[in-house]
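Hello,

Here is the structure I promised to hand over. Please open it and keep it beside this email while you read.

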Amino acid sequence: MILPGVGQQEILFHNPGDETWWLGRLNLSNQFVFDRVATTTPFSGYSGDSLTYIGDFSGAGNEEVLAFDSSNQNWWLGQLNENNEFSFSLVATTTNFLTSPPLGQPTFIGDFSGFGRKDVLFFNPGDQNWWLGIKSLPLQMLMMNTGNLTATYQTAYDVQGCLLY
């Protein structure tokens, strides 16, 4: 993960004991220095069953954290603010169609929409559909049903010319 203005790889991890996120940077002595950059109090159900993705989901040119909270089917976007801390905003909920978390299911991050930002594409075993999450408004991710594979799970699937599976 590379954050704005730093220009080097960094390590981001979540500590479930105190619900904090830590960012590690290599200093001039080649040692990692860790700073607390966020807490997950907005979505305290975040656990080992939750999923985390890194990418430029808003198209602003910065890496962001997209977290799926498996306890309530909510999607949270963490963006770095001016205080060098991540602030998380609820951008989508999938309780109306996602019958189980997409753990172990095919999940892809890429610019499938062609808008110049990362999208999330995942398979929902509950309804046998592929769902595409596109960051649309500042605090919203639009979830669209892109296809049903009830006949066969292992069929190649194409979203706007991108062979995925």
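First, a definition. Rings of Phe, Tyr and Trp (its six-membered ring) count as a pair if their centres lie within 6.5 Å. Planes under 30 degrees apart make a pair stacked, over 60 edge-to-face, and the rest tilted. With that rule, a search of the whole structure finds 7 aromatic pairs.

Two notes on the source. This is a predicted model, where local features need pLDDT of at least 70, side-chain atom pairs count only at pLDDT 80 or more, and totals for chains, interfaces and linings use all residues. Residues are numbered from 1 along each chain as its sequence is written, and side-chain values use heavy atoms, with hydrogens and water left out.

Now one of the pairs. Phe13 and Phe34 sit edge-to-face, 5.7 Å centre to centre, with 75° between the planes. They link distant parts of the chain, 21 residues apart. Phe13 is in strand E1 (residues 11-15) and Phe34 in strand E3 (residues 32-39). Strands here are DSSP runs (E, at least two residues), numbered from the N terminus.

Phe13 is partly exposed at 34%, and Phe34 is partly exposed at 36%. Phe13, Phe32 and Phe34 form one aromatic cluster.

Next, Trp21 and Phe88. Their ring centres are 5.5 Å apart and their planes meet at 40°, so the pair is tilted. Trp21 lies in strand E2 (residues 20-26) and Phe88 in strand E7 (residues 86-93), 67 residues apart. Trp21 is buried at 3%, and Phe88 is buried at 12%.

Best wishes

Definitions and conventions
Helices (H or I, at least four residues) and strands (E, at least two) are DSSP runs, numbered from the N terminus. Buried means under 20% relative accessible area, exposed over 50%, partly exposed in between (1.4 Å probe, protein chains only).
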